[in-house]
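Here are my notes on the model, point by point. Please read them with the structure open.

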Amino acid sequence: MSDVAIRIEGLGKRYRLGERAPYKTIRETITRAAGAPFRALGSQAVAKTPQKNSQYIWALKDVSLEVKRGEALGIIGRNGSGKSTLLKILARITEPTTGRAQIQGRVGSLLEVGTGFHPELTGRENIYLNGAILGMSKAEIRRRFDEIVAFSGIGKFLDTPVKHYSSGMYVRLAFAVAVHVTPDILLLDEVLAVGDHVFREKCYKKLHEIKASGTTVLLVSHDLTSIGSLCARAVWLEQGRVQADGSPSEIAKRYMFCSC
Amino acid sequence: MPLPERTPTIVIKPSRGWHLPSAREIWQYRELLYFLVWRDIKVRYKQTVLGAAWAVLQPFLTMVVFSLFFGRLAGIPSDGLPYPVFSYAGLLPWTFFSQAMNQAGNSLASSAHLITKVYFPRAIIPLAAVLAPLVDFAIAFVVLIGMMLYYGIVPTVAALWLPVFLLLALMTSLAVGLWLAALNAQYRDIRYVVPFLTQLWMFATPVIYPSTLLTGVWRILLGLNPMTSVVEGFRWTLLGMGEPPGRMVWASVGMVAVLLITGAVYFRRTERTLADVV
């Protein structure tokens with residue numbers, strides 16, 4: 001078996017501008033469909049209108065990368081540089097428009113803390129629900145349950161609905177579940193910037209442990225120091241393309257220089 | 001999910017064409033399905049005073065109102081059965097169906113926070129939404145048994161067919177739910193269509209009236225509605241009313257099969273851009 005965990009070839013993602021914002025209405029679709037034959041009959045200039053209206057943007061364009069098994073790769077870039085889009089494609093949340101990616105192993109994605117937490121359910125119930133959503137089996141959750149509770153430090157609030165939790169407790173519990181999912185490949189999106197610094201330290205320690213156990217880690221972040229401490233390699237994305245690929249310190253220097 | 005012996009290879013690329021959702025993949029995610037159903041059941045009556053009594057109150061109070069207005073005042077026939085038990089036996093599967101269809105229809109839109117953050121086969125979401133109301137159905141069913149005892153109605157062996165009609169109701173709600181969920185993710189108009197659709201659909205189903213009230217073409221049209229078979233089936237299996245359903249059931253099964261397959265394919269098609277539009 002090869003030692004490549006993720007192979008990305010010419011990956012691209014195109015969005016229609018404004019696609020995420022307003023919802024399509026049926027009326028819009030019907031009028032467009034009904035108007036289609038007339039537009040086809042009309043002059044060239046008229047026929048071009050729909051194209052002019054719908055503008056596209058490539059959030060990700062022709063990205064090729066290889067990540068080795070057990071490697072920790074940091075991805076850095078400005079807002080809108082395509083780093084989150086890349087992670088979403090690798091997590092199979094959204095499909096690419098072009099190119100392909102091949103992943104060897106079980107993928108765990110952590111794009112947000114507390115995905116699927118239900119406010120009415122207790123801490124205990126949410127551990128099971130959130131664990132299942134993040135891809136753990138029931139047996140796995142049961143096995144690691146005590147570890148998760150100990151890590152979160154919520155103690156006697158375990159059987160209280162999480163809507164009564166302080167935001168700190170909520171985040172700690174969510175994080176505790178997340179770091180106990182043990183995939184072969186872990187995709188992380190800037191989720192580390194939460195909690196007080198004591199808990200953050202604890203999370204970093206846990207992440208180092210996860211990495212040391214041989215998990216491949218992809219970390220998207222604005223924070224150059226967090227990438228530097230965890231990753232031996234960094235990729236800099238700019239306008240959906242790979243701008244640079246190298247050691248975190250080297251990338252950091254170029255990135256900082258470019259940003260100002 | 002059990003860890004496979006060999007590490008799985010996932011290939012990510014733009015998908016083309018029309019496909020059915022992968023049954024094998026849904027099976028792999030069955031534990032997530034279980035937890036989503038469990039969540040819906042747990043959360044449903046949280047912070048209510050009456051709790052699960054609501055599952056009984058809704059069809060029961062509707063039955064009382066129907067018995068008063070349609071049975072007593074309007075004098076709608078009930079094929080020789082006491083009107084209350086006649087209408088309750090119809091309301092029971094109907095309430096389940098309308099709940100399942102409504103919740104499945106809204107399921108994708110209300111799970112946007114999951115869809116944009118985690119991968120799993122999206123069909124799990126409407127599937128969980130149609131399974132959860134089964135608990136309400138079970139609770140409300142106990143009341144029907146009570147009513148049958150009260151009126152001294154003893155079911156025959158035909159009662160063994162009941163699960164078949166319940167399954168038909170489940171499949172109908174899933175089929176329509178898949179269509180509505182996929183449409184609702186893109187067109188929020190659906191949210192306003194569903195209550196209206198539910199209301200019209202109930203009048204097109206012999207819940208209030210017996211199907212024997214209609215003849216000829218109207219009866220055939222009524223048969224195209226799978227819920228007609230379900231409601232008539234419930235009355236036949238439990239109350240011994242009417243004939244064992246024959247051709248009408250096959251028409252309903254065919255109808256549901258078509259709706260289910262097209263719904264599943266359309267759903268799968270929507271799935272690929274779901275996270276971008278929902």
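1. Three cavities of 30 Å³ or more are present in the structure. The model is predicted. Rolling a probe the size of a water molecule over the atoms shows where empty space is left.

2. The largest cavity has a volume of about 60 Å³. Its lining comes from chain B: B:A55, B:Q58, B:P59, B:L92, B:T95, B:F96, B:Q99, B:P133, B:D136, B:F137 and B:A140. By class, that lining has seven nonpolar, three polar and one charged residues.

3. Which elements build the lining of the largest cavity, with at least two residues each? They are helix 3 (53–73), helix 4 (83–110) and helix 7 (134–151) of chain B. Helix 4 of chain B gives the most, with four residues.

4. The second largest cavity has a volume of about 50 Å³. Here the lining is in chain A: A:G108, A:S109, A:L110, A:L134, A:A178, A:V181 and A:L186. Strand 5 (residues 107–110) of chain A gives the most to this lining, with three residues. Five of the lining residues are nonpolar and two are polar; no charged residues take part.

5. Now chain A as a whole. Its secondary structure comes to nine helices and nine strands. Of its 260 residues, 49% are buried. Among contacts in chain A with a separation of 6 or more, 73% join residues 24 or more positions apart. Chain A exposes about 12500 Å², and carbon and sulfur atoms supply 54% of that area.

6. Helix 5 of chain A deserves a look. Where does helix 5 (residues 138–152) bend? The bend is at A:R144 and comes to about 55°. A:R144 is also one of the buried residues of this helix. Just after helix 5 of chain A, A:G153 takes a positive phi of about 65°.

7. An α-helix has 3.6 residues a turn, so residues three or four places apart point the same way. What covers the buried residues of helix 5 includes helix 4 (123–133), helix 6 (167–179) and helix 7 (197–212) of chain A.

8. To recap the points to check in the model: the bend of about 55° at A:R144 in helix 5 of chain A, the positive phi at A:G153, and the two cavities described above, of about 60 Å³ and about 50 Å³.

Key. Residues numbered from 1 in each chain as written. Chains lettered and ligands numbered in written order. Predicted model: local features only at pLDDT ≥ 70, side-chain atom pairs only at ≥ 80, totals over all residues. Heavy atoms only, no water. Bend = angle between axes of the 7 residues up to and from the residue. Buried < 20%, exposed > 50% of the residue type's maximum accessible area, 1.4 Å probe, protein only. Contact = heavy atoms within 4.5 Å. Areas by Shrake-Rupley, 256 points an atom, 1.4 Å probe, with all protein chains shown as cover. 1 Å grid on protein atoms, 1.4 Å probe; cavity = no way out; pocket = protein on both sides within 12 Å on 5 of 7 lines; lining within 4 Å. Points joined across faces, edges and corners; volume = space filled by probe spheres on them. Nonpolar A, V, L, I, M, F, W, Y, C, P; charged D, E, K, R; others polar.
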